[in-house]
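Please open the model in your viewer and keep the selection tool at hand.

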Amino acid sequence: MLTRLIESAIIHIWNRFHINEVFKMATISDVAKLAGVGKTTVSRVLNDHPYVSDMNRKKVEAAMAELNYVPSIAAKKLRGQSSQIVGVIVSRITNPFFTSLVDAIEQEAVKKGYRLIFFQSRSDKSEELRFLDMLKNGQVDGIIMCSVENDIALIEPYRQFGVIILCNEVFKGSKLPNVALDQTQGAYLGTKYLIEQGHQTIAYCTGGDYEGGNHGQARNKGFQKAMSESNLSVDNNLIFRQVHTVADGRKVAKQLMDLTHLPTAVFTSGDEIASGMIAQFLEAGVKVPEDIAVLGYDNQPFAALVAKPLTTVNQPVQALGRETFRCFIAAINAKPYEMNSEDLTLKLVKRESA
C-alpha cells in the first residue's frame, strides 16, 4: 500500500513539472533553418525589434511554434529578464515528505507564473554543487534547498548569482534566508510523550549521524533534551543512524529483536521507518504497542492506514511549502519577508502505535 502511494505521488509530481521540457530545447539555429532566415532575424523577432518584415516575423513565429522553441535562459538573464524557473533540491524524492513538500511549493509557484525543476542530491555533496552551478550559469532564477549536504560555507558564495532559500534547514550564522519548522521542539514533543507513557528504555532512529553532520541534528537535540530532563540515559546501542526507508525500518526492527532485552519504545525520524518497523514486529509476533511502542514523524497520509495507525509528529507541509515560496518571491523582489509562524507549529497526533 505504502509503495503504491509513493509511486503514484512521484509520477504525479514528475508529470506536473515537465522536466524534459526544460532541458530538451531547440536552438536559435534550428529556428532560423526551418524559417529560412538568418539567426539575426530570429534574434530580432525574439527581442521584438521593429525592423523585421511581417512575412519574416510570421515565418519565425511559425518555426518556433513547430519546434516548441523556448528562448535561451542564459540569454534572457543577460537581457535582464527572468527565466521564471526555480530549482528545488531534495535528498530523496521517494521520501513522501519531500514529495508533498515539493508539490506544495509548486502549487504556489504556478500562481506566480513560475515553473519548478527538482533535483535529488542523494546525499552526494558533488551533485549538490553541480545543481547550484545552474544558478551560477543563469539557468534558474533561484534555488530552494530542502536538504543540505555541504558545509554551509561552500554554499554561501552562490548568493552572488541569485536567490537561495533554505527550506526546513537552519544553520547558525548563515545569511541565507530560511523557512523552517522547529525540529528540536518536534522531537522533544515525541520523546516527552513516550516518557509520559512510562517508557524509560527508548530506541532512537536518526536520518543522519547522531554525533555530527547536518542531517537530523535539530531532532537529535530534542530527543536528548527530553531524555535529559527526565534523567534518562541514552544507550548508544539503541541509537540507529542513517535510517530513512521502510526497508531500513524493517532492518532496525530485526536488530532490536536480536537484543537480549527489547526496549519498550522507539522514536523514529520518519513515518516510512516506523511503518517498516511495525510490519516487521507484527510479522514476528511482537505486539505494538503492548511489547514495544513505535512513534513516527511527519504524519504522512499513509500514517493512519498502517496495521497499527501511527502516533506521529505532524509537520504542516502545505504551510511550509507556501511560506517557503513566499520567502522566495520576497527575496527575488528584494522585499522584506515575515514568516507566518503560527501556521508552522508542529503537533503530536495520537493514534494506536504508541
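A residue is called buried when its relative accessible area is under 20%, exposed when it is over 50%, and partly exposed in between, with a 1.4 Å probe and protein chains only. This is a predicted model, in which local features need pLDDT of at least 70 and side-chain atom pairs count only at pLDDT 80 or more, while totals for chains, interfaces and linings use all residues. Residues are numbered from 1 along each chain as its sequence is written, and side-chain values use heavy atoms, with hydrogens and water left out.

**The whole chain**

Begin by selecting the entire protein chain in a cartoon view. It contains 14 helices and 11 strands; helices (H or I, at least four residues) and strands (E, at least two) are DSSP runs, numbered from the N terminus. Of its 354 residues, 49% count as buried. The accessible surface comes to about 17,100 Å², and 49% of that area belongs to carbon and sulfur atoms; such areas come from the Shrake-Rupley method with a 1.4 Å probe, and for residues only the protein chains shown count as cover. Among contacts with a separation of 6 or more, 70% are between residues 24 or more positions apart, a contact being heavy atoms within 4.5 Å.

**The open sheet**

Next, select strands β6 to β11. These 6 strands form an open sheet of mixed pairing, in the order β7-β6-β8-β9-β10-β11; two strands pair if DSSP finds at least two bridges between them. Which strands stand at the edges? They are β7 (239-240) and β11 (347-349); each has a single partner strand, so one side of each is left without a neighbour in the sheet.

Move to residues 311-314, which make up strand β10; this strand pairs with β11 in the antiparallel sense over 3 bridges.

**Salt bridges**

Show side chains at this stop. A salt bridge is a side-chain nitrogen of Lys or Arg within 4 Å of a carboxyl oxygen of Asp or Glu, and the whole structure holds 8 of them.

- Select Arg250 and Glu283: their side chains meet in a salt bridge of 2.9 Å, N to O. The pair links distant parts of the chain, with Arg250 in helix α12 (residues 246-257) and Glu283 in helix α13, 33 residues apart. Glu283 counts as exposed because its relative accessibility is 57%, whereas Arg250, at 26%, is partly exposed.
- Select Glu229 and Lys192: the closest N and O atoms of this salt bridge are 3.8 Å apart. Glu229 is in helix α11 and Lys192 in helix α10 (residues 183-196), 37 residues apart.
- Select Arg130 and Glu127: this salt bridge spans 2.9 Å, N to O. Both residues lie in helix α8 (residues 125-136), 3 residues apart, about one turn of the helix.
- Select Arg322, Glu323, Arg326 and Asp343: these residues are linked in a network of salt bridges.

**The nonpolar cores**

In soluble globular proteins, nonpolar side chains tend to be buried together. A nonpolar core is a set of buried Ala, Val, Leu, Ile, Met, Phe, Trp, Tyr and Cys residues joined through side-chain atoms within 4.5 Å. Select Leu101, Ile144, Cys146, Phe267 and Phe325, which have the most contacts inside the largest core, one of 49 residues. Helix α14 (residues 317-332) gives the most to this core, with 7 residues. A second, separate core has 22 residues, including Cys205, Phe240, Phe281 and Leu310.

**Backbone details**

Most residues other than glycine have a negative phi, and most peptide bonds are trans. Select Val288 and Pro289: the peptide bond from the former to the latter is cis, with omega near 5°. Pro289 is in the loop between α13 and β9.

Finally, select Asp298, which has a positive phi of about 120° although it is not a glycine.
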